[in-house]
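Come along and check each entry against the picture.

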Amino acid sequence: MNKNLLHTFSLRSLPLIMAAIAMIVTTTVSAQTKVKIDDFYYILDDASLTAELAASEDTGTYATGRVTVPSSVTSDDKTYEVTKIGDFAFSFNTGITSVVIPLSLQEIGDGAFQGCTKLSSVTFRMTKLLSIGDAAFEGCSSLGSITIPATTKKIGAWAFAETALRSVVIPDSVTSLGGNAFQGCTSLTGVTFKCRLKAIPNSLFSRCTSLSNVLMTTDRRNNIDEIGNAAFFSCSKMTTYNFGDSVSSIGACSFMSCTSLGKADIPSSVTYIGHDAFAACTAMSAVTLPDNIDSVSDRIFKDAHALKTITMSDSVKYLGEQAFAYCTSLKSAHLSSQITEIPFKAFAYCAKLSDINLPASVTVIGDSAFSNTQAFDSLTIGRNVTSIGDYAFANIPTLKYVYMPSTLPSKTADGLGDYIFSGDSIEALYAEWEKGPTVSSGFFTYCDTLYVPQGDLLYYYRRTGWKDAKVKRMYDAVAVGIDDAVVDKKDNDAYYNLEGIRVLNPRKGEIYIHRGRKVLYR
């Protein structure tokens, strides 16, 4: 046996091979049902007068070149119709170059021609074939074309995986199509679906790196309600995929690494999109997420380098880790008003991100959530936030003004991470704590001026982390007169100081009353 083939197929095929060995042992014991006729072994069924071309220990020594499977065989003056090529009948035979399938054959068993690396041609003679088994032609690396008979109802899992097929027509008769059936067919350029399926199976065309055309009539397309996990993973030549109007689920990694996929019009019928579904789709430029989904899964658009805008509806309640990380062209993101967490690296390294809303519903901002972006020039931490992770706002060159409410945890260990603003150039940071929480050394190294509430300023000069700020000043943290501020209704853009006096020339980094609210002037 070829050692490379053994390495490729042995691990996944071991259970099937063991089953085949068990079958051989069993049929050897029952010798009356297994006979050798003209170099092939058959299992004969006297009741139905049918025969199965069976696996044999010496298949590799007699089956070479062109193999023609007979339509019938005779034994003891009885004629048996050959209806099946048994499981592993010719598996890993490197001598077979072509096979002719007779009219009588109804089934090709599991692994029947698995690993036949020189098999380049399979001819069906007006066959009544109903089933192609699991891994039946897997690893037939010379098999460049095949016409699947119009009578076929089942194509098993891995049936044509790792073959050299260039195009495939899946006939209307097919009702069962196994996962991974065409995985790794790197020469496959086009597929035509004539069958009516409810789902595209898992990993059906995974790593079909030349696949560019998936042809399906509208009624067939609209019958599909699920795209399986990794169904089109790494189909790097696919430029578009047209979803039907009934699809509800797009599986994990389904279009991951489809590097030419520039457009994905996700229909409103979709309620679920799995993790990594469009990760590394480097040509995709814009996506609007359907109104019916309630979660944006982990890494869903990670490394989508051309993505410029993202819009999600308020139905979304969960935002996954690294959902948009490394989307280096992303400029604008509209987030749902219902999400409560911006998780680990959700927008990390989105270097052009400058337009994003931070919903009031957010309670947790994870590690590196906005690091290496341009997401903010001024930042007011919401009063619902209870945790900010390490490096959450690190390396944001545009961030100049920060307001941190006293509702944040009083201790770093309780939810205030390390190096939150590392690498930033903050001109003014306002902290509401009368006595700030414990922070690590270097916490405010990048802060020009730290504003703290009126009180013991000496406290901040002595505290680790806080004393790193270049300048420390006091401000009135209570909005004096905010309830009684006189607001000129004719001029809604007017600004007032905390005593309610109108300010004609507000200064950046100072706090004012604007439209009845305390604001930080940018």
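**Entry 1: a word I need first.** I call two residues in contact when they have heavy atoms within 4.5 Å. I also remind myself that this is a predicted model.

**Entry 2: the whole chain.** I looked up the secondary structure and found four helices and 37 strands. Next I asked how much of the chain is buried: buried residues make up 52% of the 522 residues. Then I turned to contacts with a separation of 6 or more, and 37% of them join residues 24 or more positions apart.

**Entry 3: Val 452.** I found Val 452 in strand β32, which covers residues 447-453. Is Val 452 buried or exposed? Its relative accessibility is 0%, so I put it down as buried. Which residues does Val 452 contact, leaving aside neighbours within four places in sequence? My list for Val 452 reads Ala 431, Leu 457, Tyr 460, Arg 473, Met 474 and Tyr 475. I also checked Val 452 against Leu 429: they sit 23 residues apart in sequence, and their C-alpha atoms are 8.6 Å apart in space.

**Entry 4: two loop residues.** I picked Thr 152, in the loop between β10 (131-132) and β11 (154-155). Thr 152 has a relative accessible area of 0%, so it is buried. Beyond its neighbours within four places in sequence, Thr 152 contacts Leu 129, Leu 130, Ile 132, Ser 173 and Val 174.

I then moved to Ser 368, in the loop between β27 (364-365) and β28 (378-380). Why does Ser 368 count as buried? Its relative accessibility is 13%, and the cut-off for buried is under 20%. With neighbours within four places in sequence left aside, Ser 368 is in contact with Lys 345, Ala 348, Asp 390, Tyr 391 and Ala 392.

**Entry 5: the nonpolar cores.** The largest nonpolar core has 138 residues. Which residues have the most contacts inside this core? I noted Phe 232, Phe 278, Phe 347 and Phe 393. Tyr 475 was already in my notes as a contact of Val 452.

**Entry 6: cysteines.** A disulfide is a covalent bond between the sulfur atoms of two cysteines. How many disulfides does the count give? It comes to zero. Cys 258 is buried, with 0% relative accessibility. Cys 350 is in no disulfide either, and its nearest cysteine sulfur, in Cys 327, is 5.0 Å away. Cys 350 is buried too, at a relative accessible area of 0%.

**Entry 7: empty space.** Rolling a probe the size of a water molecule over the atoms shows where empty space is left. I counted one cavity of 30 Å³ or more, and the largest cavity has a volume of about 30 Å³. What lines the largest cavity? I wrote down Phe 421, Ile 426, Leu 429, Phe 443, Phe 444, Tyr 446 and Cys 447. This lining divides into seven nonpolar residues, no polar and no charged.

Key. Residues numbered from 1 in each chain as written. Predicted model: local features only at pLDDT ≥ 70, side-chain atom pairs only at ≥ 80, totals over all residues. Heavy atoms only, no water. 1 Å grid on protein atoms, 1.4 Å probe; cavity = no way out; pocket = protein on both sides within 12 Å on 5 of 7 lines; lining within 4 Å. Points joined across faces, edges and corners; volume = space filled by probe spheres on them. Nonpolar A, V, L, I, M, F, W, Y, C, P; charged D, E, K, R; others polar. Core = buried A, V, L, I, M, F, W, Y, C linked by side-chain atoms within 4.5 Å. Buried < 20%, exposed > 50% of the residue type's maximum accessible area, 1.4 Å probe, protein only. Disulfide = S-S within 2.5 Å.
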